[in-house]
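Please open the model in a viewer and keep the selection panel at hand.

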Amino acid sequence: MRNVLEAIIAARESGKDVVFTSLIETRGSTPQKPGATMLVYEDGSQVGTLGGGCVEAEVKRQALENLATRTSEVVSFQLNHDYGWDDGLICGGRMKMLISPVAAQTNLKYLQTTLELLQTGKGLTEAVLLDDSIGITGTQFLFDHNETFVTSSTGETPPRLVTENLPPLKLRPRPSVFKGVSYLPRLPLIKLIVVGAGHIGRQLTTYATDADFEVTVVDDREIYCNQENIPTAKNWVVGEFDEVLPNLKIDEQTYCVIVTRGHNHDEEALFHIIKRNPKFVGMIGSKRKIKLIFDDLIRNGIDAELLDRVRAPIGLEIGSQTVPEIAISIAAQLIQHRNCESNSALRKKNTPADSTSEACD
């Protein structure tokens, strides 16, 4: 979404008229899920995608019509044979799109504010009205990571119904529709500390960054722990592990992965990390190596119950052998924990009964 918003602002600053389209509700099988966005220019070019194919072409056609009339509206699409004839693929689902020409100053201000909140990495939630009985269909309301109302696309304040049912970002909710309101959360970036800047650490950082983790890489070798070697990291911390790890910010929301070049460094890193009560901690290695490290840590005063929390050996079992495969298995476990295990009971408790949100199996 960020690239779409940046393109919108650049277009408006240069005087170009554009149309912002956002997928706000889906039912059944669809090429994209709620939250997908696309920007359409007057010449028919675009930034972002709704999955391609006929339905994207139809959204673009509708967007250009709305650009001519300067009207915003919510449009429904049934993904039947009308949108599958060209490639033989018929999803069978339904999509609702918000199609909004970016011309009014209030509308542009709303998008600029949305981009500013996205850039903080703390998350936000958009609420879009789908029912005229609540307010004007297509009206967007923006809330920050504290669930505080910030602004709207029309300058209006949100109806009570909208704020009462706003899903808490701390539960990492999925897009949902409840009582005529589409809730589109943009989840906060999760802080991940990767201890070890070798081949696996570098590859893992790339995958984790693409999956919306904000990665800090830690190593005692500056030749590896730097922006040129690992360009996708957010931060690079160089120093002896026993000096830098005790001073690194690690809290109950931090994810930590230990993939150093040797057993001694792994043990040293785990000694300093496990006492900080991170959200997730995992360590690479064979079962024999892990047992030796755990036994040694217990002898050095680390509670065995703390070590029970360590995912070791880290990574989902996919038969990994190469560095990319190992990194993928680790990234997959991080995503699984973030999306499915973390706060799962609270999420189920707080998911409205008629919500279209999908739960992890």
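Predicted model: local features only at pLDDT ≥ 70, side-chain atom pairs only at ≥ 80, totals over all residues.

What volume does the second largest pocket have? It comes to about 590 Å³. Residues are numbered from 1 along each chain as its sequence is written, and side-chain values use heavy atoms, with hydrogens and water left out.

**The whole chain**

Of the 361 residues, 48% count as buried, where buried means under 20% relative accessible area, exposed over 50% and partly exposed in between, with a 1.4 Å probe and protein chains only. Among contacts (heavy atoms within 4.5 Å) with a separation of 6 or more, 57% join residues 24 or more positions apart.

Return to the second largest pocket and select K122, P188, L189, I190 and Q253, which lie nearest its centre among 22 lining residues. A pocket is defined on a 1 Å grid over the protein atoms alone, as an open set of points where a 1.4 Å probe fits, with protein on both sides within 12 Å along at least five of seven lines; lining residues have an atom within 4 Å of a point. Grid points are joined across faces, edges and corners, and the volume is the space filled by probe spheres set on the points. The lining divides into five nonpolar, eight polar and nine charged residues. In this division Ala, Val, Leu, Ile, Met, Phe, Trp, Tyr, Cys and Pro count as nonpolar, Asp, Glu, Lys and Arg as charged, and the others, Gly among them, as polar.

Next, display the largest pocket, which holds about 1,300 Å³ of space. Of its 44 lining residues, R172, P185, R186, L187 and D212 are the closest to the centre. At least two lining residues come from each of α1 (2-13), α3 (105-120), β10 (181-186), α5 (199-210), β12 (213-219) and α10 (323-341). The lining comprises 15 nonpolar, 16 polar and 13 charged residues.

Select α1, whose twelve residues reach 17 Å from first C-alpha to last, close to the 16 Å expected at 1.5 Å a residue; the expected span is 1.5 Å times one less than the number of residues. Its buried residues are V4, L5, A7, I8, I9 and A11. Just after the helix, G15 takes a positive phi of about 85°.

Within α1, centre on L5. L5 counts as buried because its relative accessibility is 0%. Beyond four places in sequence, L5 touches L111, T114, L115 and L118. The C-alpha atoms of L5 and Q112 are separated by 7.4 Å, although the two are 107 residues apart along the chain.

Move to T37 in strand β2 (residues 37-41). T37 has 6% relative accessibility and therefore counts as buried.

**The nonpolar cores**

Now select L192, L204, F213, V257, I330 and L334, the residues that touch the most other members of the largest nonpolar core, which has 24 residues. Such a core is a set of buried Ala, Val, Leu, Ile, Met, Phe, Trp, Tyr and Cys residues joined through side-chain atoms within 4.5 Å. Helix α10 gives the most to this core, with four residues. L334 touches L192, L204, F213, Y255, V257 and F280, leaving aside residues up to four places away in sequence. Another core, of 23 residues, lies apart from it and includes I193, I250, I293 and L297.

**Helix α7**

Finish at H263 in α7 (residues 263-274). Is H263 buried or partly exposed? H263 counts as partly exposed because its relative accessibility is 43%. Beyond four places in sequence, H263 touches K289 and I293.
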